[in-house]
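Dear colleague,

Please find below the structure that I am handing over to you. My notes on what was found in it follow directly after.

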Amino acid sequence: MPPRSEEPRRDATTGSRRGSSRETGRGEPRSGEPGVGGISGARAYTPRGRTIREQGAAGRSGSGGAEQRRTPRSSRSGDPFRPALQVLDGGRAGAARAGRRETAPDGRSGVIRTVQPRPDRAWTDDDEPAPPRRRPGPRRADRPAPGRSPRKPRKPPRLADPRRRLRLGTLVVLALFATIGIRLVFLQAVDTPAYAEAGLPDRLVRVDLPAPRGAIYDRDGAPLAHSIEARYVYADPTRVKDRTATARALSPLLGLPVSELAERMKPRTLENGRASQFEYLARGVEIPTAKQILDLDLDGIGVHRDERREVPGGDLAANLLGFTSQDMIGLEGLEARYDDLLRGEIGRRVYEAGQGDLGAPIPGGYSRTTPAKPGSSLALTIDRDLQFRCQRILGTQMERTRGSVGAAIVLDVATGEVLAQASHPSYNAAKPEESDPTDREDAATSFIVDPGSVHKAITFGAALQEGVITPDTTLPVPNAIRKGDTWFTDTHPANGRRMSLPGMLAYSSNVGTIEIADKLGRDRLIDYQKRFGLGQPTGEGMPGEASGRLLPADQWSGSSEGSVPIGHSVDATPLQMAAAYAAIANNGTYVQPHLIKEVISGTDGKRTPAKPPVTRPVLSPQNAAALRTMLEAVTTVENATGLAAAVPGYRVAGKTGTGLRYVDGKLQPGEVGSFIGMAPAENPRYVVAVFVWSPGGGGGAVAAPAFRQIMGFTLNHYRVPPSTDGKTPKFEVFPR
């Protein structure tokens with residue numbers, strides 16, 4: 001290896017380096033300077049600042065010799081191109097090559113330049129910088145090299161390393177992919193619910209699931225009204241392409257006008273600001289019709305399971321049952337009164353669907369179904385067979401009087417259950433739109449009348465209970481009596497003779513009844529009217545039941561003393577009067593009449609009996625029995641008013657009546673004929689009340705025969721044995 005250059009000597013005074021050509025700033029020796037070997041021209045420097053000759057001399061002499069050793073001059077910036085030159089010269093490998101000999105201009109052998117190999121280590125400040133590649137110039141021998149403090153050499157620039165750039169690029173790309181991957185993980189796993197929920201409302205479709213409406217059964221479980229499976233047709237206005245054409249296709253199948261269907265399919269915005277995707281077009285559509293609609297394959301039109309109300313009996317108990325709308329909402333009768341119980345709670349299906357032509361449920365998408373809760377069912381106290389028979393008997397009898405209104409009621413004496421409640425006219429509950437509103441009224445609870453002579457049983461019962469009279473009491477009865485400015489007369493004049501109480505009831509004596517009421521007094525009479533259930537609704541269960549009206553004692557006029565005891569100036573319904581007679585038949589205990597027997601749960605079928613009826617004592621059993629016996633005279637005494645009501649084989653106690661009808665406080669033409677009775681009289685099981693209003697009169701001629709037929713069928717239907725405890729009592733109308 002070539003020898004390393006020695007460190008430059010330092011001046012003893014200044015401490016600066018001296019004696020090197022690098023310090024003088026001149027790279028060429030002066031002429032005649034020793035150590036140049038007679039060679040003129042440029043001097044060549046080794047990488048460490050020595051010339052080849054100096055190195056050779058040093059090697060030959062082994063000491064300083066005559067050759068002058070020069071130290072490299074410090075350069076301000078060094079040679080910035082030295083690393084590049086090394087690379088061009090072969091780098092470290094070039095150091096092993098032989099030096100290149102240069103020839104001087106005079107033809108003599110020149111200086112050999114040798115590139116010293118650079119040690120494979122990091123550049124430090126202690127290393128001596130490479131000499132500048134300058135042509136050495138002559139230097140004056142007498143001119144000392146100025147002493148300058150060496151400046152810290154600058155590090156040479158390093159060439160770019162492609163491997164580092166490759167590594168850096170790889171790291172950047174990997175970091176980018178890692179960032180994207182992490183973001184995707186967040187989007188797919190962490191933020192998914194938030195993004196999905198934000199767009200979910202736009203993809204949700206809501207479909208109502210109708211709750212099956214509860215049925216209405218008779219006392220034996222026979223259906224009077226129930227729901228059957230059907231279909232409803234709906235439209236999604238956002239998917240209907242041509243409303244008019246779609247409406248034309250559906251109109252003949254649904255039986256609805258084209259304009260109405262097109263209006264229902266019109267796009268509309270809901271309260272939440274979103275477009276409606278569900279609109280009913282028809283409810284209760286029959287299944288075959290729904291299949292035809294599906295075969296049309298209309299855009300935006302769908303069919304779903306629904307129900308339709310079925311009334312097997314048509315007009316059977318129609319005035320009681322009422323009817324529902326197509327939306328299964330009760331509108332009249334028991335359907336309206338117990339609508340909340342029968343209707344149940346609708347369900348809802350909410351699912352995620354596509355848009356446009358892909359508007360079908362998305363598999364695996366959001367879907368939630370809230371099942372509908374079926375409505376509860378009602379079991380009535382009505383007997384279907386008895387109800388049917390009552391309606392037919394009443395209708396047949398009413399054919400004699402045109403434009404008339406009638407009501408027939410059958411009560412179970414002991415329980416207060418309404419076994420039948422017929423009205424005339426009636427209607428088909430399956431097609432209510434074909435009837436008039438007046439035909440759909442329940443006459444038993446909405447028919448307000450002056451009951452007339454059937455009220456006399458209340459007056460007699462109150463007098464017996466208060467001790468004003470006894471079963472053996474007789475009174476002289478004139479042909480007429482004046483109260484206030486009104487004269488009251490009898491249809492069967494007594495001519496002032498003494499008349500027995502059974503005789504007064506048999507001949508329906510107005511004068512005798514008024515005389516008994518005078519002994520009783522107005523206050524006690526009003527009190528017993530209330531005890532028998534007049535002046536307030538019975539609470540049977542029918543909606544809109546009339547309460548009737550009692551005339552307060554302070555509003556009585558002079559004529560009221562005569563009209564109220566015989567059943568005028570009193571407003572009552574046929575059901576109220578029937579319940580009053582049931583109290584007489586039930587040994588003096590009033591039992592609230594009722595239609596509901598039990599409620600059947602729609603979810604688990606549990607049966608819950610109806611609330612027990614209200615009961616209260618009105619008469620003592622002895623007085624009730626005495627009054628029943630007196631009332632038997634009405635159907636047994638010769639020329640009595642109720643002979644047409646007698647039932648062969650059974651003892652019947654009852655009373656006829658002739659009253660008036662008021663509508664909105666206005667007296668109607670004609671009269672109201674009635675008959676209320678009980679059988680068997682010795683131990684009554686049933687009470688039947690028949691009221692008939694006829695504009696032309698003659699109601700009395702209809703009521704008694706209708707009573708006889710209805711009571712006879714009832715006794716036979718329930719297999720009540722005929723009266724066997726003896727013959728009917730004998731009554732004297734005018735005892736001696």
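In helix 22, the buried residues are G699, V702, A703, A704, P705, A706, F707, I710, M711, G712, T714 and L715; buried means under 20% relative accessible area with a 1.4 Å probe, protein chains only. Helices are DSSP runs of H or I with at least four residues, strands are runs of E with at least two, and both are numbered from the N terminus.

This is a predicted model, in which local features need pLDDT of at least 70 and side-chain atom pairs count only at pLDDT 80 or more, while totals for chains, interfaces and linings use all residues. Residues are numbered from 1 along each chain as its sequence is written, and side-chain values use heavy atoms, leaving out hydrogens and water.

The cover over the buried residues of helix 22 includes helix 13 (384–398), strand 13 (405–412), strand 26 (671–679) and strand 27 (686–694). Just after helix 22, R719 adopts a positive phi of about 55°.

The largest nonpolar core has 127 residues, and L380, F532, M577, Y581, V687 and V690 have the most contacts inside it. Such a core is a set of buried Ala, Val, Leu, Ile, Met, Phe, Trp, Tyr and Cys residues joined through side-chain atoms within 4.5 Å. Helix 20 (residues 574–585) gives the most to this core, with 10 residues. A second, separate core of 18 residues includes L256, A282, A290 and L298.

Across the protein, 46% of the 736 residues count as buried.

With kind regards

Terms used: Buried < 20%, exposed > 50% of the residue type's maximum accessible area, 1.4 Å probe, protein only. Contact = heavy atoms within 4.5 Å.
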